[in-house]
Amino acid sequence: MVRKMVSVQKIEGVYPIENADRIEKVRIGGWIVVVGKDMGLKPGDHVAYFEIDSMLPANDPRYTDLQKRGQRTVPVSNTITGEEKEITGHVLRTARLRGVYSQGLVMPLSTIGVPEDTPIGTDITLQADVWKYEELPPLKGGDMIGAFNAPCSKSDATRVQNLTAYWNEIRRIAWTPTVKVDGTSTTIYRDMDDTVHVYSRNWELKPECTNMQVAVKTGLVDALEKGMVCQFELCGPSVNGNRLKLASYRPFVFAVWRDNMKLDRRDWPKAMLDNAVPLLDETEWKPTGDVMDMIAKVDGLRGNVTRDLLDEGIVWHAKAGERLSDDLYNELGSNRCFKIINNKYLTKHGL
């Protein structure tokens with residue numbers, strides 16, 4: 001699934017914030033956003049919702065006031081075309097205001113130039129001129145040798161906040177919960193001619209890149225069969241500030257594919273299991289309650305990768321043989337997984 005950085009959504013609830021005269025919180029799916037009371041929002045209103053990681057360009061007059069909150073010149077990508085570049089603007093991050101986690105931005109549809117009768121869920125990222133912030137430095141032109149074309153899905157799992165309409169179905173499905181590890185997404189693929197390719201999220205890279213060197217050293221390349229794909233987060237020094245405080249580069253495998261099908265973890269080669277993201281207890285982390293209950297449960301998760309340090313979150317992978325409705329499958333894609341990010345992790349690291 002292509003991530004919708006900006007979409008048409010409905011206000012599902014408006015709630016007061018204790019000791020706050022000028023702000024209140026609204027709920028959009030599983031997202032909570034702090035807004036000004038002067039917006040006059042009501043349940044049922046249709047709005048433009050901007051997800052966190054949205055880059056609001058400084059040269060777009062619609063976002064002039066937001067630039068006062070801080071500007072950065074950072075690498076970004078187009079979620080539709082995959083184009084990568086650097087631009088200057090304001091990046092939406094998780095904030096905590098009066099004890100409330102606020103994630104994203106709400107604006108009137110008229111401000112974006114979108115008709116009020118546009119269907120809920122419509123992707124309006126292009127109309128909003130919004131890009132996705134990429135934390136890693138942009139690839140140099142010489143590093144890229146082609147577009148991503150591995151026979152698998154890309155690695156950006158859907159956030160649970162976008163899945164509230166499917167929560168009852170999700171609770172009936174058997175999932176494998178794993179720790180989400182904060183690194184740079186890497187895909188390696190051995191084609192039918194026995195050539196091994198290495199990719200970032202959007203591009204094929206030179207085979208001598210660090211990502212490939214680590215995959216060779218840890219036995220992941222040798223474990224690849226023809227037609228097999230391995231996806232991992234590369235973590236360690238110089239990657240995302242090394243928030244896990246690792247002494248050297250390490251791969252954390254989160255998905256393995258064969259013939260365009262995602263394999264159950266029990267069917268992975270040994271080298272991939274040896275370098276896998278940590279498993280969590282299936283009973284303890286079975287989806288229960290409502291979406292907000294699960295988000296609160298993940299908040300503060302720590303110690304599963306590096307002792308005493310906060311974990312980035314959890315990814316739930318549907319077990320092989322579990323049947324998903326067409327609607328849920330369309331939301332999750334062939335990855336068949338979703339994630340919850342640890343809010344304490346986000347705010348601690350300014351994400």
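Contact here means heavy atoms within 4.5 Å. Please keep in mind that this is a predicted model. With that said, here are my notes, point by point.

1. **Thr118 and its surroundings.** Setting aside neighbours within four places in sequence, Thr118 is in contact with Val8 and His46. Thr118 belongs to the loop between α1 (109–112) and α2 (125–128). His46 is 72 residues from Thr118 in sequence, yet their C-alpha atoms are 8.8 Å apart. The side chain of Thr118 also reaches the backbone oxygen of Pro115, at 2.7 Å. Is Thr118 buried or exposed? Buried means under 20% relative accessible area, and Thr118, at 12%, therefore counts as buried.

2. **The seven-stranded sheet.** You will find an open sheet with the strand order β13-β18-β17-β16-β19-β20-β21 and antiparallel pairing. Its edge strands are β13 (144–147) and β21 (261–262), each of which pairs on one side only. As background, strands of a sheet pair through backbone hydrogen bonds, either parallel or antiparallel.

3. **Strand β16 and its burial.** How many residues of β16 (residues 184–190) are buried? Seven of the seven are, so the strand is largely enclosed by the rest of the structure. Both of its faces are covered: one side carries Thr184, Thr186, Ile188 and Arg190, the other Ser185, Thr187 and Tyr189, and all are buried. Arg190 is worth a look if you are browsing side chains, as it is among the buried residues of this strand.

4. **The partners of β16.** On β19 (residues 228–235), six bridges join the strand to β16, and the two run antiparallel. Thr187 stands opposite Gln231 of β19. With β17, the pairing is again in the antiparallel sense, over four bridges, and here Tyr189 stands opposite His197. β16 and β17 make a hairpin with five residues between them, and Asp194 in that turn has a positive phi of about 75°.

5. **From β17 on to β18.** Strand β17 (residues 196–199) is joined by two bridges to β18 (residues 203–205), and these run antiparallel. Within this pairing, Tyr199 stands opposite Glu204 in β18.

6. **Helix α7.** In α7 (residues 291–298), the buried residues include Val291, Met294, Ile295 and Val298. Viewed down the helix axis, the buried residues fall within an arc of 100°, so they line one face of α7. What covers the buried residues of α7? The cover includes α3 (167–172), β22 (313–318), β23 (337–341) and α9 (343–348).

7. Just after the helix, Gly300 takes a positive phi of about 100°.

8. **Aromatic pairs.** Searching the whole structure gives six aromatic pairs. One of them is Phe50 with Tyr63, an edge-to-face pair with 6.0 Å between centres and 85° between planes. This pair links distant parts of the chain, 13 residues apart: Phe50 sits in strand β5 (residues 46–50), and Tyr63 in the loop between β6 (54–57) and β7 (72–77). Phe50 is buried, at 0% relative accessibility, and Tyr63 is buried too, with a relative accessible area of 0%.

9. Trp316 and Phe338 are stacked, 5.1 Å centre to centre with 5° between the planes. Trp316 is in β22 and Phe338 in β23, so the pair ties together parts 22 residues apart in sequence. Trp316 is buried, with a relative accessible area of 1%; for Phe338, also buried, the value is 0%. Together with Trp167 and Trp175, Trp316 and Phe338 form one aromatic cluster.

10. **Charges over rings.** Two places to check by eye concern a charged end above an aromatic ring. The charged end of Lys297 sits over the ring of Trp285, 4.7 Å from its centre. The charged end of Arg96 sits over the ring of Tyr101, at 4.9 Å from the ring centre.

Definitions and conventions:
Residues numbered from 1 in each chain as written. Predicted model: local features only at pLDDT ≥ 70, side-chain atom pairs only at ≥ 80, totals over all residues. Heavy atoms only, no water. Buried < 20%, exposed > 50% of the residue type's maximum accessible area, 1.4 Å probe, protein only. Arc of directions from axis to C-beta. Phe/Tyr/Trp six-rings, centres within 6.5 Å; stacked < 30°, edge-to-face > 60°. Lys NZ or Arg CZ within 6 Å of the ring centre and 35° of its normal. Pairing = 2+ DSSP bridges. Polar contact = N/O pair within 3.5 Å; in protein donor to acceptor, adjacent residues only side chain to side chain.
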